[in-house]
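Subject: Structure handover

Hello,

Here is the structure I promised to pass on. Please look it over before you read my notes below.

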Amino acid sequence: MTGQPARQPTTAPEDVVADRQEQAAPDAVLTRIGQVVMLHHGGDREEARHRFLQLWAEIGEDGAPLHRCTLAHYLADTQDDPGDELAWDLRALSAAEELADGRGAGDPLSVRAFFPSLHVNLAADYVKLGRAEAARSHLRRARRAAGSLTDDGYGNGVRAAISRLERRLGEDGSPDGDTWGPPRQRPTP
């Protein structure tokens, strides 16, 4: 024992990737994805998209589901066109479903924490495309899947994203769904 505190369990896709890397021999694809994520977060969206697409060409549609899920998830964030963003998010969801069904290497239970984020991303995509009913459907799925989230930064962030989208779609209990403007004043009794 080195005297360092034990790591707390994490559920973010990138944290799952990091945990898997620590537990097994280094996974070169996940390492490369992580490097491109840092490039994207550093502000070079175009170069990140270019490198992600190169990685996708290498792993292809038949690559490991964890690789496809992670890569498609991040590729979606680099898209300019909402339709393209939706297509990549749908690929990420499909690969996550393969993992959850046990059709890929990895723990099917650990992938459950991916679903709230994947569904809220899809809901946001559908909002951008003006498809409110499809957005609501994925928002309901995100809400149902949110029970698998832990009480940490990732879980709280995903729950906050779900709440923001609920308000935007009028699913927060407001009578008419009008949440775009400032809050309405309630008449005093």
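Axes here are lines fitted to C-alpha atoms, for helices over the stretch in contact, and angles run from 0 to 180 degrees between N-to-C directions. This is a predicted model.

Confidence comes next. The protein averages a pLDDT of 81. At least 70 is the score for 73% of the residues. Two stretches need care. Over residues 1–11, pLDDT stays under 50, and the model has 13 contacts beyond four places in sequence for them. Over residues 173–189, pLDDT also stays under 50, with nine such contacts. Where pLDDT is low, the predicted coordinates should not be read in detail.

Now the helix packing.

α2 and α4. Helix α2 covers residues 28–41. Its axis and that of α4 come within 10 Å and cross at roughly 10°. Angles under 35 degrees count as roughly parallel, and α2 and α4 are therefore roughly parallel to each other. From α2, the contact takes Val29, Leu30, Ile33 and Val37. From α4, it takes Leu66, His67, Thr70, Leu71 and Tyr74. By class, that contact has seven nonpolar, two polar and no charged residues.

α3 and α4. These two pack at an angle of about 155°, with their axes 10 Å apart. That makes α3 roughly antiparallel to α4. The crossing of α3 with α4 is left-handed. α3 brings Arg49, Phe52, Leu53, Leu55, Trp56 and Ile59. α4 brings His67, Arg68, Leu71, Ala72, Tyr74 and Leu75. The contact of α3 with α4 divides into nine nonpolar, one polar and two charged residues.

Aromatic pairs. The count comes to two. One of them is Phe52 with Tyr74, a stacked pair at 6.4 Å centre to centre and 15° between the planes. Phe52 lies in helix α3 (residues 45–59) and Tyr74 in helix α4 (residues 65–76), so the pair ties together parts that are 22 residues apart in sequence.

α6 and α7. The axes of α6 (residues 114–128) and α7 (residues 132–145) come within 8 Å and cross at roughly 165°. That makes α6 roughly antiparallel to α7. Their crossing is left-handed. On the α6 side, the contact residues include Phe115, Pro116, Leu122 and Tyr126. On the α7 side, they include His138, Leu139 and Arg141. The residues of the contact of α6 with α7 divide into 12 nonpolar, two polar and one charged.

Best wishes

Terms used: Residues numbered from 1 in each chain as written. Predicted model: local features only at pLDDT ≥ 70, side-chain atom pairs only at ≥ 80, totals over all residues. Heavy atoms only, no water. Helix = DSSP H or I, 4+ residues; strand = E, 2+ residues; numbered from the N terminus. Parallel < 35°, antiparallel > 145°, perpendicular 65-115°, else oblique. Left-handed = near helix turned anticlockwise from the far one by under 90°. Contact = heavy atoms within 4.5 Å. Nonpolar A, V, L, I, M, F, W, Y, C, P; charged D, E, K, R; others polar. pLDDT = per-residue confidence, 0-100. Phe/Tyr/Trp six-rings, centres within 6.5 Å; stacked < 30°, edge-to-face > 60°.
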